Amino acid sequence: MSESAPDPRLQSLTNQLLPGVVRTVRVAGFDGSDVLVQLVDGEGKKAEIGRIPRHEASMRRTEHPSELFEVGQEIRAEEIGRWREGQLHLSARACEIPALRAFLLAFERGQVVTGTVSAVHNFGVFVHVDGEPEGLCTGFIRVPDLTWGWISHPSEAVEAGQRITAEVILAETRSGQVTLSLKALQEDPLIRFADQVGRVLTGPITKIVPFGVFVQLAADVVGFLHLSELTDQPVETPDQLVDEGGLITVKVTEVDLQRHRVRLGAAGGAV
């Protein structure tokens, strides 16, 4: 499998989602729907005032956090950063279920886990990860992490009740979820396809977009042909020239393993 260079922007976002330091805080009051808390740091120290945003108060749905907390109550909360001129923000939901937090903290990126598909939706797949606390569903697979191949719906890759083996991408205490990848345990099909650069191939058009077309070149390999390669004549969209499902002959001009994409050039018209 290929090892892609990490995207600095993605890495920055991932770092923000990693579990933070857990603090003991005392509820001081409410600011709208946020919870104001005092950090309990020991005797003789001026207690810093922090904030628990409403969406970080609980995994349960409530009208107002006063339904959950009372002034003076001590709770545990996870640090999530500083905003509003340096004020510390915390998450109570990250510490709400101790068994869930302990379960999530045991995961490491790249760890291989097993589980059972719970539900399949158009936006992704929920998974019961083996060993998770009873009554919870902790695993989630995003659509791009299901397979290297082209699918129109996650149900083409997995089904409810199916046993799977997946790789851990990220465990988030604030969401109570571990993001998984099936694709990470599969060989990137572009590795075997990389020697096709320069070859002329014929394949079906799988999708038409305003600026070009995607072409199926091999199993789980799709390349992109820009509109400018289709014709020298001025046209507004590719569907004025070709149809989805129609065959087209193209030349493989680049196989980019880092960005996982195949660029195509003109090598004849639609067939």
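Q: What is the relative accessible area of E48?
A: This is a predicted model: local features need pLDDT of at least 70, side-chain atom pairs count only at pLDDT 80 or more, and totals for chains, interfaces and linings use all residues. Residues are numbered from 1 along each chain as its sequence is written, and side-chain values use heavy atoms, without hydrogens and water. Buried means under 20% relative accessible area, exposed over 50%, partly exposed in between (1.4 Å probe, protein chains only). E48 is partly exposed, because its relative accessible area is 27%.

Q: How many residues apart in sequence are the parts that E48 and R82 tie together?
A: E48 and R82 form a salt bridge, with their closest N and O atoms 2.8 Å apart. The rule is a side-chain nitrogen of Lys or Arg within 4 Å of a carboxyl oxygen of Asp or Glu. E48 lies in the loop between β2 (34-39) and β3, and R82 in strand β4, so the distance in sequence between the tied parts is 34 residues.

Q: Which strand holds R51?
A: R51 forms a salt bridge with D31, 2.9 Å between the closest N and O atoms. D31 lies in strand β1, so the pair ties together parts 20 residues apart in sequence, and R51 sits in strand β3. Strands (E, at least two) and helices (H or I, at least four residues) are DSSP runs, numbered from the N terminus.
Strand β3 covers residues 49-52.

Q: Which side chain makes a polar contact with the side chain of S91?
A: S91 counts as buried, because its relative accessibility is 0%. A polar contact is a pair of N or O atoms within 3.5 Å; within protein, one must be able to donate a hydrogen and the other to accept it, and residues adjacent in sequence count only if both atoms are side-chain atoms. At 2.6 Å, the partner of S91 is E56.

Q: Within what arc do the buried residues of α2 fall?
A: In helix α2 (residues 98-105), L100, R101, F103 and L104 are buried. They line one face of the helix, because seen down its axis (directions to the C-beta atoms) they fall within an arc of 160°.
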